[in-house]
Protein chains: 2
Amino acid sequence: MEKATRQSTKEHNRNLVLKNVFEHETISRAEIARITHLTPTTVSDIVATLIEEGLVAEIGVGPSYGGKSPILLSLQENSRVLIGLDLAHNQFCGALVNLRGKIHQAISLPVDERSGDGALSLVYTILDRLIASASQPLLGIGVGTPGLVNTREGVVIHAVNLNWTDLPLTHLLEERYHIPVSVLNDSQAAAVGEYTYGKDHHSDENLVVINARHGLGAGLILHGTLFQGSGGSAGEIGHTVVIPEGGLPCRCGKHGCLETVASAQALIIQARAQAALHPTTQLPHDPEKMNLEVIEEAFAAGDPLAQQLVLATARFLGVAIANLVGVLNIEKIVLSGDMTRFGEPWLNMIREVMLKSSLTESAHGTQVEIGELGESSILLGASAILVKDYSLLFKDQPLDGERAIQMGRY
Amino acid sequence: MEKATRQSTKEHNRNLVLKNVFEHETISRAEIARITHLTPTTVSDIVATLIEEGLVAEIGVGPSYGGKSPILLSLQENSRVLIGLDLAHNQFCGALVNLRGKIHQAISLPVDERSGDGALSLVYTILDRLIASASQPLLGIGVGTPGLVNTREGVVIHAVNLNWTDLPLTHLLEERYHIPVSVLNDSQAAAVGEYTYGKDHHSDENLVVINARHGLGAGLILHGTLFQGSGGSAGEIGHTVVIPEGGLPCRCGKHGCLETVASAQALIIQARAQAALHPTTQLPHDPEKMNLEVIEEAFAAGDPLAQQLVLATARFLGVAIANLVGVLNIEKIVLSGDMTRFGEPWLNMIREVMLKSSLTESAHGTQVEIGELGESSILLGASAILVKDYSLLFKDQPLDGERAIQMGRY
């Protein structure tokens with residue numbers, strides 16, 4: 001008991017020191033002591049261990065404010081590596097990512113209608129290849145997947161396209177690779193990615209990331225932390241009903257969900273249906289040839305039907321964001337996913353409708369922007385969540401179910 | 001500097017001890033030491049001061065698990081008093097409340113079309129009377145008001161009915177009464193009230209309280225804390241647009257807001273309009289005589305029009321709650337406000353529509369219940385928020401702007 005407490009204090013102090021090394025480009029031992037309220041001796045001892053482990057290095061001397069110039073410490077961002085995985089609709093993407101979110105190596109494989117065990121095999125293939133090519137110690141695997149996820153238990157409750165139900169993905173991957181694994185809903189992962197590695201966000205900030213691609217969802221960062229809700233599915237705005245009467249059927253079983261009118265999938269379905277009725281449109285009349293790329297081309301060329309269809313998705317998103325802002329009073333909204341290819345015109349329509357649909361006072365000052373990480377936000381977020389648990393950076397960290405669960409809690 | 005740190009440590013430790021006295025019916029010094037990790041001596045010293053100040057008393061002896069039987073401590077809930085105020089539509093209600101949320105004395109005065117300075121005078125009248133009759137030391141005043149509130153700065157940004165815009169209510173009341181004041185949106189206050197004094201809620205729990213009365217709003221308790229959003233107006237669901245085309249005008253300036261179809265005000269307006277068209281209804285045909293009481297009577301008597309109108313409000317609330325559950329994945333929803341008078345039939349319709357409109361996985365297990373505090377939830381919540389800052393319980397606590405701001409942060 002006594003011993004356990006001492007061990008946990010040691011771990012706690014080490015995590016505190018690491019947190020400060022992570023959060024600063026460079027930092028001195030004295031500054032760490034000042035911020036953490038640890039004694040200079042404790043800080044020095046911990047830093048010595050971190051240097052020995054190669055996680056931290058002395059990189060120079062800082063300015064002196066009277067007294068000796070302080071030695072500056074810096075995270076050795078390439079001393080460890082993580083894997084981030086994004087199980088996107090058409091292709092699964094994986095990457096080796098360093099401790100500062102830089103991608104060292106990426107693999108992308110087409111899904112080709114695989115689902116169930118086939119999709120799982122594709123995950124294994126990507127991971128096998130990435131692990132084989134990792135030249136630094138690998139800390140863990142973070143997976144961003146579409147669908148409802150119980151992150152705490154590491155279970156994909158339901159992912160329609162992948163035909164996964166109650167799949168214990170964390171358990172399967174930890175059994176196979178013997179390193180910690182965290183599984184996250186893809187939109188939640190995008191939010192963690194943009195918050196951690198995107199534009200400078202203040203700590204303790206509120207941020208909503210709307211991830212509009214084949215599916216549509218949001219990730220909520222509230223007071224600097226991913227908010228997952230009671231069951232882990234917070235942010236599932238794609239399945240809020242926006243057309244109460246006569247909406248299109250949704251893959252979730254309901255009708256008129258936001259996803260049926262504002263996602264990439266919805267846009268392609270609409271474009272197929274409407275192109276047949278518009279002889280003069282530049283959009284292909286062959287449904288097989290309809291995809292986001294050709295819609296983007298037609299949109300950029302000013303094709304009226306493409307314009308109308310794309311901006312219709314933006315209008316629905318604008319209303320949805322207005323409602324989110326109304327409920328949560330969040331001042332920063334970041335848009336992510338491949339619908340962002342429609343750029344400024346799409347973004348401006350979203351902003352315009354959001355302002356029109358909002359309580360003036362709440363929307364006033366709300367910034368809506370396109371994210372900076374592009375399609376990488378999900379795999380970066382999935383990997384970033386692993387680093388939030390600094391204990392993973394312990395040498396000889398054993399795989400431990402309890403820790404994996406804590407990790408999932410972010 | 002050194003001294004300030006020592007002072008803040010002392011305050012911190014005192015707050016820790018008080019927190020544990022508050023959170024337990026009875027507790028021993030040893031248990032406090034165990035939970036807080038403070039030394040037995042520090043705990044004893046702090047407890048001695050608290051006993052001297054009359055905040056805590058020794059109330060008996062607990063069971064021994066080997067060794068001496070521990071002396072049990074208990075909060076002296078009547079040793080201090082708070083004021084809670086609810087600026088409801090037709091009448092302002094105020095009460096003296098003890099440290100455990102028990103109401104000692106309540107006053108309720110009709111608003112009678114007062115607004116602006118007239119409404120403010122009515123607030124003063126109630127406070128003057130309550131303060132005059134307080135027989136214990138008064139710790140502070142908590143106000144729950146309709147409208148948009150910046151709690152941090154204590155400003156009512158906009159309250160339409162009261163005709164208040166940018167009213168620095170906290171400042172005005174602190175100037176007048178020289179005690180700490182906290183101002184909160186009424187629905188947020190209701191949420192704090194139900195969370196603090198309603199049915200047992202686990203700490204760190206998520207809870208949404210929907211406050212349906214003249215206006216309509218929600219209060220969000222996320223991980224055990226009131227979430228106010230970036231600008232303080234989180235929970236403003238009354239002004240999300242639910243009828244995008246052709247909805248009724250809302251007092252916020254938009255059309256088709258949830259408040260125009262699901263609030264008490266909306267119900268009365270609808271009842272007036274519809275009664276004129278239904279000769280056989282039991283509802284009064286004289287618009288002047290239409291109010292919630294007569295609608296409740298007709299509803300209870302099975303009048304078809306009353307049934308239809310009341311259940312229509314429930315349907316809209318059901319969809320709104322489904323959307324909230326979709327966004328936030330909250331498993332506990334508590335209904336508050338005077339629309340709750342329509343009881344089980346209203347509640348059951350809300351539940352039914354919520355389940356039908358939700359993603360099955362999220363709604364599964366979501367409990368929707370009518371709150372336990374009735375109309376008191378707002379004034380109790382407004383007063384409870386004062387106690388969350390245990391430093392208010394310091395003897396000779398000076399009024400201090402910085403503290404009032406912190407207090408507002410909950």
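A polar contact is a pair of N or O atoms within 3.5 Å; within protein, one must be able to donate a hydrogen and the other to accept it, and residues adjacent in sequence count only if both atoms are side-chain atoms. This is a predicted model: local features need pLDDT of at least 70, side-chain atom pairs count only at pLDDT 80 or more, and totals for chains, interfaces and linings use all residues. Residues are numbered from 1 along each chain as its sequence is written, chains are lettered from A and ligands numbered from 1 in the order in which they are written, and side-chain values use heavy atoms, with hydrogens and water left out.

**View 1. Chain B meets chain A.** Each chain has its share in the contact (heavy atoms within 4.5 Å): 37 residues from chain B and 37 residues from chain A. About 2800 Å² is buried between them, and carbon and sulfur atoms give 61% of that. Buried area is the accessible area (1.4 Å probe) that two parts lose on being put together, summed over both. Between the two chains, 14 residue pairs are in polar contact, both residues at pLDDT 80 or more.

**View 2. The side of chain B that touches chain A.** Helix 10 (304-328) and strand 13 (216-222) of chain B are among the elements that each supply at least two residues here. Helices (H or I, at least four residues) and strands (E, at least two) are DSSP runs, numbered from the N terminus. Helix 10 of chain B gives the largest share, five residues.

**View 3. An open sheet in chain B.** Five strands line up in the order 6-5-4-7-11, with mixed pairing. Two strands pair if DSSP finds at least two bridges between them. Strand 6 (103-110) and strand 11 (181-185) of chain B are the edges, each pairing on one side only.

**View 4. A salt bridge in chain A.** The side chains of A:E375 and A:R213 meet in a salt bridge at 3.9 Å, N to O. The term means a side-chain nitrogen of Lys or Arg within 4 Å of a carboxyl oxygen of Asp or Glu. A:E375 lies in the loop between strand 16 and helix 13 of chain A and A:R213 in the loop between strands 12 and 13 of chain A, so the pair ties together parts 162 residues apart in sequence.
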